[in-house]
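Let's take a look at a few helices together. Keep the structure open while you read, and find each residue as it comes up.

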Amino acid sequence: MSFTSFRQRIKPWMLPISMVIGLVFYEYIHYIAFLSRPLIFVMLLITYCRVNLRDFRVGGYIWCLLAVQILGAIGVYFALNPINHNLATGAFICVFCPTATAAPVITGMLGGSVSKVATYSFFSHISVALLAPALLSYMEPEASITFVDSVSKISITVLPLILGPLVVALMLQRFAPRVHYDIANHQALSFYIWAVALIIVVGNSVSFLVQQPADKVPEMLLLGLVSLVVCVVLFAVGRRIGGRYGDKISGAQSLGQKNTVLAIWLALTYLHPIVSAAPAAYVAWHNTVNSYQIYLHERRKDTAKK
């Protein structure tokens, strides 16, 4: 079997393999955790080299997705709060948290619009930065989150990770077109870089979960179940909205693939710590969905070749 053939066979299983490695070796992940941000930066740079600045547009597609992200999060909170406050805030944070920084990579692999997802990712992060102080303070009156804290945290830690690779890609296109062309023609690398980064994300999530008290396990399982339902619904709703604008894949990834690292930070910092189990479990759910989608996409490609 040739290397190319082996790579195509293993590709649909790369994300599950990464999750298993992160699960098994979570105790050692802290040694390589510092690689996470550089890996994501390089991964996005490779992906952004295939798009044009004119492709980034704001329209009805963006506003519909933002409405689901914001109003849907508020709605699910009020629906579940009479039942259990922690479940309500867990569901809220899973819906409310912005699109994953890696979403454009998976979207590109599946044949969706990288520019649409990248544009929505930017606006979804901005919306969280602006609205988090008011919403989280309402849900947890003792939360000390301020507008400045929210905006500065997301601006410093997240936005450079979204905008930085785009700026570098545009500069390469303008001043080093040959380098830009070579990067643009090696898109497969971004997926394998994400597979490595996923090991770190899963390892960190597992490390957090195993440190929780044993008596919290039942509630953590409920939070995990709630996040599973939220994940499935968001992918379905996003796919439906995307279908209205001619791109089901981009819609599904925009709403379904979440920045769980940011969500866990928000939950640990401003909500009850146990609530962070919901976005921690979401790591497994949305990457399982991504793995299945990649499997179907690769199988369709193989069928088309025959």
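This is a predicted model: local features need pLDDT of at least 70, side-chain atom pairs count only at pLDDT 80 or more; totals for chains, interfaces and linings use all residues.

Start with helix α4, which covers residues 60-80. How far apart are its end C-alpha atoms? They are 29 Å apart, which agrees with the 30 Å that 21 residues should span at 1.5 Å a residue. Still, α4 has a kink of about 25 degrees, centred on Gly72.

Now look at which parts of α4 are tucked away. Its buried residues are Tyr61, Ile62, Leu65, Leu66, Gln69, Ile70, Ala73 and Tyr77.

Next up is a pair, α3 (residues 36-48) and α9 (residues 159-175). Their axes come within 8 Å and cross at roughly 45 degrees, so the two helices are oblique to each other. The crossing is right-handed. On the α3 side, the residues that meet α9 include Phe41, Leu44 and Tyr48. Among their partners in α9 are Leu161, Pro165 and Leu172.

Finally, stay in α3 and find Thr47. Is Thr47 buried or exposed? Its relative accessible area is 2%, and buried means under 20%, so Thr47 is buried. Leaving out residues up to four places away in sequence, Thr47 touches Pro104, Val105, Val114, Gln187 and Ser190.

Conventions: Residues are numbered from 1 along each chain as its sequence is written. Side-chain values use heavy atoms; hydrogens and water are left out. Helices (H or I, at least four residues) and strands (E, at least two) are DSSP runs, numbered from the N terminus. The expected span of a helix is 1.5 Å times one less than its number of residues. The bend at a residue is the angle between axes fitted to the seven residues ending there and the seven starting there. Buried means under 20% relative accessible area, exposed over 50%, partly exposed in between (1.4 Å probe, protein chains only). Axes are lines fitted to C-alpha atoms, for helices over the stretch in contact, and angles run from 0 to 180 degrees between N-to-C directions. Angles under 35 degrees count as roughly parallel, over 145 as roughly antiparallel, 65 to 115 as roughly perpendicular and the rest as oblique. A crossing is left-handed if the near helix is turned anticlockwise from the far one by less than a right angle, and right-handed if clockwise. Contact means heavy atoms within 4.5 Å.
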